[in-house]
Amino acid sequence: MSERLKGKRAIVTGAGRGIGRKIALMYASEGCEVLACDIDGAALRKLADHDPMIAVQKADLTTEDGAATLAVSAAGRFAGVVDILVNAAAIVRFAPIKEMTYGDWKTTTSGEIDSVFLVTRAMWPLLERSGRASIINFSSANAHVALKGLPAIAHTAGKGAVMAMTRQMAMEGGPSGIRANSIAPGFTVTEETEQHLDTPLMVNVREKLMVDRLGTSEDIGYLAIYLGSDESGYVTGADICIDGGATAW
Ligand SMILES: NC(=O)c1ccc[n+]([C@@H]2O[C@H](COP(=O)([O-])OP(=O)(O)OC[C@H]3O[C@@H](n4cnc5c(N)ncnc54)[C@H](O)[C@@H]3O)[C@@H](O)[C@H]2O)c1
């Protein structure tokens, strides 16, 4: 790896596993100082054991207290300045509309929307102090298109909201040099999505691909490096699809 993020200070949420974990590791290997956060303390300890350069903070980011804990930890570690905020933490429940409980709806929308709002709000003063900060959120291919076989009513609401919120963050952040973009992954193999691998859903997923393979956390990590670096200084308010062409037709 090169040092495309050298000197940057980054917060990566949802870093206990999957895409967030991969981004934390790839950022560290690009010379970035990383504070990784998750609700899963054991997963964070494994991450810190794997790469002692990564600092960790456990928090429930669907709560104001959890977001505040992370902001205090970041302020202490990074002397009050954060250059990159990666909001990768999420919780999702899938069920057909008539079977989805209100509790599962709330869990998903809180896990996908509230966590992004609460962390970004808590982190905003630290990002302003950077003068050239980058926020990276996660929307989804499901914010753009419905996928046959995936009962994603709450998830589509959550990820559509994140895409729209990102544009607003870009608008409000512009005067302080804060950029905000969202990444819209298609089906990406992670611990969360592995449960679908042997199901009929995959026929529909594969049928839409122009690239003859499934996406990986590493594919997403490379885009997150670009968006976190100054190479993307003219990119803000964008939602970037990374889905093997699945949403292009
Ligand atoms: N994997 C895909 O195919 C895919 C596709 C589109 C979008 N995305 C989005 O990309 C992001 C990462 O996806 P993933 O598959 O790696 O997810 P994942 O479910 O594997 O990981 C999410 C992480 O967030 C953590 N988390 C959950 N609730 C939390 C809370 N309250 N506070 C703090 N941390 C919490 C979990 O412990 C977990 O480590 C998510 O926003 C997801 O919606 C993923």
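This is a predicted model: local features need pLDDT of at least 70, side-chain atom pairs count only at pLDDT 80 or more; totals for chains, interfaces and linings use all residues.
Biologist: Let's start with the ligand. How many residues surround it, and which are the closest?

Modeller: There are 26 residues around the ligand. The closest are I19, D38, D60, T188 and T190.

Biologist: How far is an N or O atom in the D38 side chain from an oxygen atom of the ligand?

Modeller: That distance is 2.6 Å.

Biologist: And what about T190?

Modeller: A side-chain N or O atom of T190 is 2.8 Å from a ligand oxygen. R17 has a side-chain N or O atom 2.9 Å from an oxygen of the ligand.

Biologist: Switching to helices. How is a packed pair described?

Modeller: By the angle between the two axes and the distance between them.

Biologist: OK, take α1 and α2. What are their angle and axis distance?

Modeller: Helix α1 covers residues 18-29 and helix α2 covers residues 41-50. They pack at about 25°, and their axes are 11 Å apart. The two are therefore roughly parallel.

Biologist: Is that crossing left-handed or right-handed?

Modeller: The α1 and α2 crossing is right-handed. R21, A24 and L25 of α1 touch K46, L47 and H50 of α2. That contact has 3 nonpolar, 1 polar and 2 charged residues.

Biologist: Next, α3 and α4. At what angle do they cross?

Modeller: Roughly 30°, with the axes coming within 8 Å. Helix α3 is residues 64-77, and helix α4 is residues 102-130. The angle makes α3 roughly parallel to α4.

Biologist: Which residues make the contact?

Modeller: From α3, they are E64, A67, L70, A71, A74 and A75. From α4, they are L118, V119, R121, A122, M123 and L126. By class, the α3 and α4 contact has 10 nonpolar, no polar and 2 charged residues.

Biologist: And the handedness of α3 with α4, left or right?

Modeller: Their crossing is right-handed.

Biologist: What about α4 and α5, how do their axes run?

Modeller: Helix α5 is residues 153-173. The axes of α4 and α5 come within 8 Å and cross at roughly 15°. So α4 and α5 are roughly parallel to each other. The crossing is right-handed.

Biologist: Which residues of α4 meet α5?

Modeller: On α4, W105, T108, T109, E112, I113, V116, F117, T120 and W124. Their partners on α5 include I153, H155, K159, M165 and E172.

Biologist: How do the residues of that contact divide by class?

Modeller: The contact of α4 with α5 has 12 nonpolar, 6 polar and 3 charged residues.

Technical notes
Residues are numbered from 1 along each chain as its sequence is written. Side-chain values use heavy atoms; hydrogens and water are left out. Axes are lines fitted to C-alpha atoms, for helices over the stretch in contact, and angles run from 0 to 180 degrees between N-to-C directions. Helices (H or I, at least four residues) and strands (E, at least two) are DSSP runs, numbered from the N terminus. Angles under 35 degrees count as roughly parallel, over 145 as roughly antiparallel, 65 to 115 as roughly perpendicular and the rest as oblique. A crossing is left-handed if the near helix is turned anticlockwise from the far one by less than a right angle, and right-handed if clockwise. Contact means heavy atoms within 4.5 Å. Ala, Val, Leu, Ile, Met, Phe, Trp, Tyr, Cys and Pro count as nonpolar, Asp, Glu, Lys and Arg as charged, and the others, Gly among them, as polar. A residue is near a molecule or strand if one of its heavy atoms lies within 4 Å of it. A polar contact is a pair of N or O atoms within 3.5 Å; within protein, one must be able to donate a hydrogen and the other to accept it, and residues adjacent in sequence count only if both atoms are side-chain atoms.
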